[in-house]
Amino acid sequence: MNVTDAIKQRRVIHNFRSDPIPDDVLYKIIDAARWAPSPFNTQPWEFIIIRNKDTLEKLAQCSPTSKCDAPMAIAVVILPITAKYPFHQQVGEPEHAGAMAVQNIMLAAWELGVGTAWATIEKDKVKQILNIPEEFDVLTIIPIGYPMDEPPMHEETDRLPVEDLMNFEKFTGLSEGRIMVY
Ligand SMILES: Cc1cc2nc3c(=O)[nH]c(=O)nc-3n(C[C@H](O)[C@H](O)[C@H](O)COP(=O)(O)O)c2cc1C
């Protein structure tokens, strides 16, 4: 699968088969994560693999907008880079880098036939459940597993048209009809 196909075909998956993904597949997915860019190559991330059913159930309670039945999940932990790179910390770059690692995870998983999602989480609760130190952040929980059904292809209309998103030289305003949610 080429990169463009993976980018365009990936879907968020909410219904999973119960079998967990094998260790070698998981290894390939985390290997893709570590090649994401990060400020000064600080690689400010750690990944917690969760297979324990009780823990998965507890984590499901920490996401009011994400319902799924994945047999596994990956919590993405973000480490601060304050001491060496305070400006980059201040503008939120460790989290940005973490999100890039998440995209690598999602695309690598998709290529391997594995589905993922992004769960928006109540961070304090998740940190407590997973024993994450106070000074670290937790970006998201990625439910992961084999999709229960064949995921439908995106429609072209699932995304805004390219020309509606492009500005040249300066910000030239939003395209007509663009929905803003503020
Ligand atoms: C920052 C972020 C937060 C998201 N939070 C949730 C969430 O809480 N629950 C959920 O079901 N999906 C969540 N999603 C997934 C989006 O709903 C999904 O990517 C979007 O609807 C487009 O669908 P697609 O990924 O299949 O193209 C989130 C995605 C991102 C990038």
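**Entry 1: a pair of strands in the middle of the sheet**

I began with M72, which stands opposite I144 in strand 4. I kept in mind that this is a predicted model. M72 belongs to strand 2, residues 72-78. I then looked up the pairing itself: strand 2 and strand 4 run antiparallel and are joined by 7 bridges.

**Entry 2: the rest of the sheet**

Which residue stands opposite I144 from strand 3's side? I found T116 there. Strand 3 and strand 4 are also antiparallel, with 2 bridges joining them. On the other flank, I noted 6 bridges between strand 1 and strand 2, again in the antiparallel sense. W45 has I78 of strand 2 opposite it.

In what order do the 4 strands of the open sheet come? I wrote down 1-2-4-3, with antiparallel pairing. Strand 1 (45-50) and strand 3 (115-116) stand at the edges; each has a single partner strand, so one side of each is left without a neighbour in the sheet. As a reminder to myself, strands of a sheet pair through backbone hydrogen bonds, parallel or antiparallel.

**Entry 3: strand 4 and the helix across it**

How many of the 9 residues of strand 4 are buried? I got 8, so this strand is largely enclosed by the rest of the structure. Next I looked for what lies over the sheet. Helix 6 (residues 123-130) lies across strand 1, strand 2 and strand 4 (137-145), and its direction makes an angle of about 75° with strand 4.

**Entry 4: the nonpolar core**

The largest nonpolar core has 36 residues, and those touching the most other members are A73, V76, I105 and I142. At least two residues of this core come from each of helix 2 (23-33), strand 1, strand 2, helix 5 (93-111) and strand 4. Which element gives the most? Helix 5 does, with 9 residues.

Setting aside neighbours within four places in sequence, I listed its contacts as W45, F47, G98, A101, V102, V138, L139, T140 and I142.

**Entry 5: the chain as a whole**

I stepped back to count elements: the protein chain has 7 helices and 4 strands. Along the sequence they follow the pattern α-α-β-α-β-α-α-β-α-β-α. The C-alpha atoms fill a box of roughly 50 × 45 × 30 Å along the principal axes.

How much of the protein chain counts as buried? I noted 25% of its 182 residues. I also checked the contacts between residues at least 6 apart in sequence, and 81% of them join residues at least 24 apart.

**Entry 6: around the ligand**

Which residues are around the ligand? My list reads R11, V12, S63, T65, S66, A117, W118, A119 and T120. Sorted by class, this shell has 4 nonpolar, 4 polar and 1 charged residues.

**Entry 7: two asparagines with positive phi**

I went through the backbone angles next. Most residues other than glycine have a negative phi, which made two entries worth a note. N41 has phi near 55°, a positive value. This residue sits in the loop between helix 2 and strand 1, and counts as exposed because it has 8 C-beta neighbours inside 10 Å.

N131 also has a positive phi, about 65°. Its place is the loop between helix 6 and strand 4. Buried or exposed? N131 is exposed, since 7 other C-beta atoms lie within 10 Å.

**Entry 8: the segment after helix 7**

I finished beyond helix 7 (162-165), where I found R178. R178 counts as exposed because it has 10 C-beta neighbours inside 10 Å. What is the C-alpha to C-alpha distance between R178 and L160? I noted 8.9 Å, for a separation of 18 residues in sequence.

S175 is placed in the segment after helix 7 as well. With 13 other C-beta atoms within 10 Å, S175 is partly exposed.

Key
Residues are numbered from 1 along each chain as its sequence is written. This is a predicted model: local features need pLDDT of at least 70, side-chain atom pairs count only at pLDDT 80 or more; totals for chains, interfaces and linings use all residues. A residue is near a molecule or strand if its C-beta atom, placed from the backbone, lies within 6 Å of it. Ala, Val, Leu, Ile, Met, Phe, Trp, Tyr, Cys and Pro count as nonpolar, Asp, Glu, Lys and Arg as charged, and the others, Gly among them, as polar. A residue is buried if 20 or more other C-beta atoms lie within 10 Å of its own, exposed if 12 or fewer, and partly exposed in between; C-beta atoms are placed from the backbone. Two strands pair if DSSP finds at least two bridges between them. Two residues are in contact if their C-beta atoms, placed from the backbone, lie within 7 Å. Axes are lines fitted to C-alpha atoms, for helices over the stretch in contact, and angles run from 0 to 180 degrees between N-to-C directions. A nonpolar core is a set of buried Ala, Val, Leu, Ile, Met, Phe, Trp, Tyr and Cys residues joined through C-beta atoms within 7 Å.
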